[in-house]
There are 4 protein chains.
Amino acid sequence: MRRWEMDGFGRDRLELQQVPVPQPGPGEVLVKMAAVSLNYRDQLIIADGMGAPLDFPFTPASDLAGTVTALGTGARRFAPGERVISTFFPGWIDGLPEGDSAHPPYQSLGGAYPGVLADYVALPEDWLVRAPDTLALDEASTLSCAGLTAWFGLVERGGLKAGDTVLVEGTGGVALAGLAIARAQGARTIVVSGSAAKLERARALGAAIGIDRTQGDWVQAVRAATGGRGADHILALAGGATLGRAVEVAAIGGRIAQIGIIEGFEASLPLGPLMLKQITLNGIGVGHRRALEDLVRAVDISGIKPVIDAHYSLAALPAALDHLDRGAFGKIVMTPD
Amino acid sequence: MRRWEMDGFGRDRLELQQVPVPQPGPGEVLVKMAAVSLNYRDQLIIADGMGAPLDFPFTPASDLAGTVTALGTGARRFAPGERVISTFFPGWIDGLPEGDSAHPPYQSLGGAYPGVLADYVALPEDWLVRAPDTLALDEASTLSCAGLTAWFGLVERGGLKAGDTVLVEGTGGVALAGLAIARAQGARTIVVSGSAAKLERARALGAAIGIDRTQGDWVQAVRAATGGRGADHILALAGGATLGRAVEVAAIGGRIAQIGIIEGFEASLPLGPLMLKQITLNGIGVGHRRALEDLVRAVDISGIKPVIDAHYSLAALPAALDHLDRGAFGKIVMTPD
Amino acid sequence: MRRWEMDGFGRDRLELQQVPVPQPGPGEVLVKMAAVSLNYRDQLIIADGMGAPLDFPFTPASDLAGTVTALGTGARRFAPGERVISTFFPGWIDGLPEGDSAHPPYQSLGGAYPGVLADYVALPEDWLVRAPDTLALDEASTLSCAGLTAWFGLVERGGLKAGDTVLVEGTGGVALAGLAIARAQGARTIVVSGSAAKLERARALGAAIGIDRTQGDWVQAVRAATGGRGADHILALAGGATLGRAVEVAAIGGRIAQIGIIEGFEASLPLGPLMLKQITLNGIGVGHRRALEDLVRAVDISGIKPVIDAHYSLAALPAALDHLDRGAFGKIVMTPD
Amino acid sequence: MRRWEMDGFGRDRLELQQVPVPQPGPGEVLVKMAAVSLNYRDQLIIADGMGAPLDFPFTPASDLAGTVTALGTGARRFAPGERVISTFFPGWIDGLPEGDSAHPPYQSLGGAYPGVLADYVALPEDWLVRAPDTLALDEASTLSCAGLTAWFGLVERGGLKAGDTVLVEGTGGVALAGLAIARAQGARTIVVSGSAAKLERARALGAAIGIDRTQGDWVQAVRAATGGRGADHILALAGGATLGRAVEVAAIGGRIAQIGIIEGFEASLPLGPLMLKQITLNGIGVGHRRALEDLVRAVDISGIKPVIDAHYSLAALPAALDHLDRGAFGKIVMTPD
């Protein structure tokens, strides 16, 4: 079978190797890969490990969908033939992750643990969740990170309800997952983007309002479009100074889910409106397995559909990473062929 | 009777005037002032209205404690002789305040409404709350703003529980109120200050841990003092770049109540630990009447005691404001004589 | 203008009187009635006041929709021509209602306060809420009690999310409102009824699963239909011994909203499953104005549609009450003609 | 070493056996027993398994405190010499327990799993929690079930805050744990008991109010003692018809933690006050490991002290069970000698 491996940092160190199919150990299952969804952070990991050491040879990527083909001894959660997806942070089942003030948890697949860009992957059964019945496996692979992150910010932490207004920054994988989740829960949706073409595509997906941030002050535009109310929930995907705009555009009692850092890991924001508008800012780091199981149920019952911008075959990883560099409308998914 | 009035911005425009005792209108009560507690923001209002217009002649200050001496027609919530305190934001009873995204609510006494630095004040009865039985009125006057702000951050929004670790920045009125509330609910308390003398006084009030921020890295010091866990709740009173230190010192799942802006209205903070530690940042703007009533009950049952640094007579307002400039250990309270 | 009045308990004491159009007092608005929705409890009030005294002559009914035609002095929340609906419990704005352990609050329109079965009604402006833009006024009138009760149980107290399973008992006004709200938030819906014909109509409205409680053990049927999971949320509309069945049918962590008392005011329930399944039982008594405003927003954004079984002209109240006796599929609404 | 074993249902089938010290398996630790706390349900299990099958020979009891003396391979959470306590429901770490509507989770030590009445017990390390530093091990053993149950009802599910009024039914282990927790969080405490002598002892432990339920209507007595407000939190330990009294005595917005079933597994309660007072009834079944860790921290920081009525040596189990039959004031604890 094939597996992408790198023996040092940098995209040019990636090699598609031929390796034996792994044997599932005690409590593990063997998964035949059907799809692997890529994330922006995979690029950062490949570049320099995001500042953390990696065990070389290292395999990138975290979001796997596939079919169980063999069980290790004692494995009992899944049967051969079942369709499964991976959890981003193995071991985070519910509540809060482990760790302390100086050592935040960040033990993810394709990071502290080996990744999933391979024809077969053996994983502890507790690291997997049943895939939704109503999605193909390429779609299902997008739930592990992008889908769960949007769900965690809007629903698990945000308590989204029908009639709320949800604003998403951009049209990447988390943004469009948030758009679909917000619509499924009866919310009004606003997409802010710098591309008129992408806004057009977002409207076609059901976004109620599209705001072009290159055309004047988008904070004022959102306020005008909501009769002054502002946004009840904001998926903050830009980070940096844009987090301050999220504070400005929020409604009284608004909730901001801080997720992305495209404009920088250091944010600035105005404290006056944060305090007077009683805003809650939640730091979101993907989410736990129980919420992923909730999301799978929501997908099957409410018809949430992930958006895939492009598929690439496993061998075409360099082209897929180039696409990721250019920015995707939704998700980029790798498949075996 | 006497009342402080200003006919323009600036401390030198304050005059202690002789005016008639006001008559309570329909639904109002007349309160004989026993104490007025000063806040840092009173200085900002006197200086320039915090950027908002004021109706001149204007009377500053928001936090009144006194005794009801007369009732307007239809007033029924209080009887003559009852001891009462004022609410900071009249009309905010419960839930969220009114307003919209561009116009955060900030309709306070001693701001959009006339203030209370006078021998008698007539107020709508709904703007008042019964004073706690176990406090003298000078102590009770500190609950309206400083006490309620700390309570709102720790309890109403923070869900404080026994065994949590609470960190307060500084030793001002909100910080020491937070210290008392945290102790009353069985929490461990940490005070961070730049003054060894103030830390000594804080320890005498029951602070479990005092950290001198002028002696090395206080984030590391707090982590060391908590076995690496960090602080579960932080009363962020500095604002500016110090909000970023609050993010660093927080525990997994930590809650930061953003309250103060001594170091600036624009904050900067690191998004990595905010996201990975699943931190919640709540913007706090004092609080509503129902929470003030909860606090009054908590004071009477659990023995919470406000800390008063100094008393000044009503006529000595300039000296009191000078004291506020120098920084107080707890609250500064004006009394009639 | 016309107004229904009774000078003593009992349906035969109701008379349609000719009275002058009322003048709105200070802070009041005059509303031209377009629709009045009837509730089961209106029958109880007419019969004996539900054990409480009434001021005779008394006008029944609480749920008004209409158009503002005149303003009293000081009224500023609505303009002439605006479409409004009434709040069931005037004065309950947010948070908890007033009252104490022995004297639960129950100060409703058409109860402690005069009701709305009249061509024109003058009410304090704070007792009204803007009607949704997307509903006709006959539909809008059903929100004040039935709609808000379902919303309060499922969303305000229940935290409903997409993918949850919602079970409603019966096909009355609250049940069908709950069905619509659950569907709007992406939940799976189950209706339990004793009538195959009503189940057929409920399925036509989008109920995913209909269970005929006259055909065997409905608790087992629901468990089977949910793969053993049970119901995450239950709108308990029967009361009496049926509340115990709600406990049995609930999922782990399930939430029961206790609303109805058709089978009796005294309930019995098994404590073993209540404790082991970590069930939360919330007593629901309609809800507050802020939640009604949330519901209005949800209606406009998510397309929630109330179900009206029949319309009656104002003069046809006796026939409408007879219909209520027989049991309605959704709501019964009175209109002027 | 010694271990109590039964080869069939009934107290007369209990035998103190001599058996080899167990070897800790992979991921297990060996604990030298210092104390085992008994619970009312241990009697029910011994009598008939509470209707569930047991694996004979069976060892009763769930609440162990002791010292780690050996580690199995791979065990890493504890070091030899560390003081630990057991979790009541192994595997319930956070959030909700596993199970479904028809099969509530009830996989406890001394039930579905073997119990701990032995000189040494080998357990998976994940089933243990560090004991608090400030308690002796006999006191610490009472936290696993009684302490955690009270904590879960009041704090984890109840959101207890300073100034609330907490009512506990009786003076058993959970009731007195609740009393201590409520006092540590600044609440006012009410104990209702049928014994004047036990009320005297409860007052000596700090109960603010003691109500003798044999002297007239205790609901009225509690209302009178709280100025009409009633109780904000009730630990409902009686079950049966007494749950209805809890509903009557509750405050507006009151929270009832349903815990005990001494008067029967079938409860009856009045729905009128449940609905109008907006009461929340939470079914409590002990709690999860994360909350037990929270409780351990609360014990160390706030000085919560369990109440032990009597100690018995391991060999004196029959006498201890007789004491349990008579009813204990707090907990009964077994020690090696």
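This is a predicted model: local features need pLDDT of at least 70, side-chain atom pairs count only at pLDDT 80 or more; totals for chains, interfaces and linings use all residues.
Reader: How is chain B superposed on chain A?

Author: By a rotation of 180° with 0.0 Å of shift along its axis, at an RMSD of 0.0 Å. The two copies are thus related as by a two-fold rotation axis. In chain B, the C-alpha nearest that axis belongs to B:Ser268, at 2.1 Å. Both copies use the same surface, since 98% of the contact residues of chain B recur in chain A.

Reader: How much area do chain B and chain A bury between them?

Author: The size of an interface is often given as the accessible area lost when the parts come together. For chain B and chain A the figure is about 3600 Å², with 62% of it on carbon and sulfur atoms. B:Ser101, B:Ile252 and B:Gln278 account for 19% of the area that chain B buries against chain A, more than any other three residues.

Reader: How many residues does each chain bring to the contact?

Author: Chain B brings 51 residues and chain A brings 50 residues.

Reader: How many salt bridges and how many polar contacts cross this interface?

Author: Here a salt bridge needs a side-chain nitrogen of Lys or Arg within 4 Å of a carboxyl oxygen of Asp or Glu. Between chain B and chain A that rule finds 0 salt bridges. Residue pairs in polar contact, both at pLDDT 80 or more, number 25.

Reader: Which elements of chain B give two or more residues to the side that touches chain A?

Author: They are helix H7 (242–249), strand S12 (250–258), strand S13 (266–270), helix H8 (271–276) and strand S14 (280–283) of chain B. By type, the residues on that side of chain B divide into 26 nonpolar, 17 polar and 8 charged.

Reader: Now a helix in chain C. Why is helix H7 of chain C said to be largely enclosed?

Author: Count its buried residues, where buried means under 20% relative accessible area. In helix H7 (residues 242–249) of chain C, 6 of the 8 residues are buried, so the helix is largely enclosed by the rest of the structure. The buried ones are C:Thr242, C:Leu243, C:Gly244, C:Ala246, C:Val247 and C:Val249.

Reader: And in chain A, which residues of helix H1 are buried, and what do they pack against?

Author: In helix H1 (residues 40–48) of chain A, the buried residues are A:Arg41, A:Asp42, A:Gln43, A:Ile45 and A:Ile46. They pack against strand S1 (2–6), strand S2 (14–18), strand S3 (28–37) and helix H10 (317–326) of chain A.

Definitions and conventions: Residues are numbered from 1 along each chain as its sequence is written. Chains are lettered from A and ligands numbered from 1 in the order in which they are written. Side-chain values use heavy atoms; hydrogens and water are left out. Copies are superposed by least squares on the C-alpha atoms of residues with pLDDT of at least 70 in both. Contact means heavy atoms within 4.5 Å. Buried means under 20% relative accessible area, exposed over 50%, partly exposed in between (1.4 Å probe, protein chains only). Helices (H or I, at least four residues) and strands (E, at least two) are DSSP runs, numbered from the N terminus. Buried area is the accessible area (1.4 Å probe) that two parts lose on being put together, summed over both. A polar contact is a pair of N or O atoms within 3.5 Å; within protein, one must be able to donate a hydrogen and the other to accept it, and residues adjacent in sequence count only if both atoms are side-chain atoms. Ala, Val, Leu, Ile, Met, Phe, Trp, Tyr, Cys and Pro count as nonpolar, Asp, Glu, Lys and Arg as charged, and the others, Gly among them, as polar.
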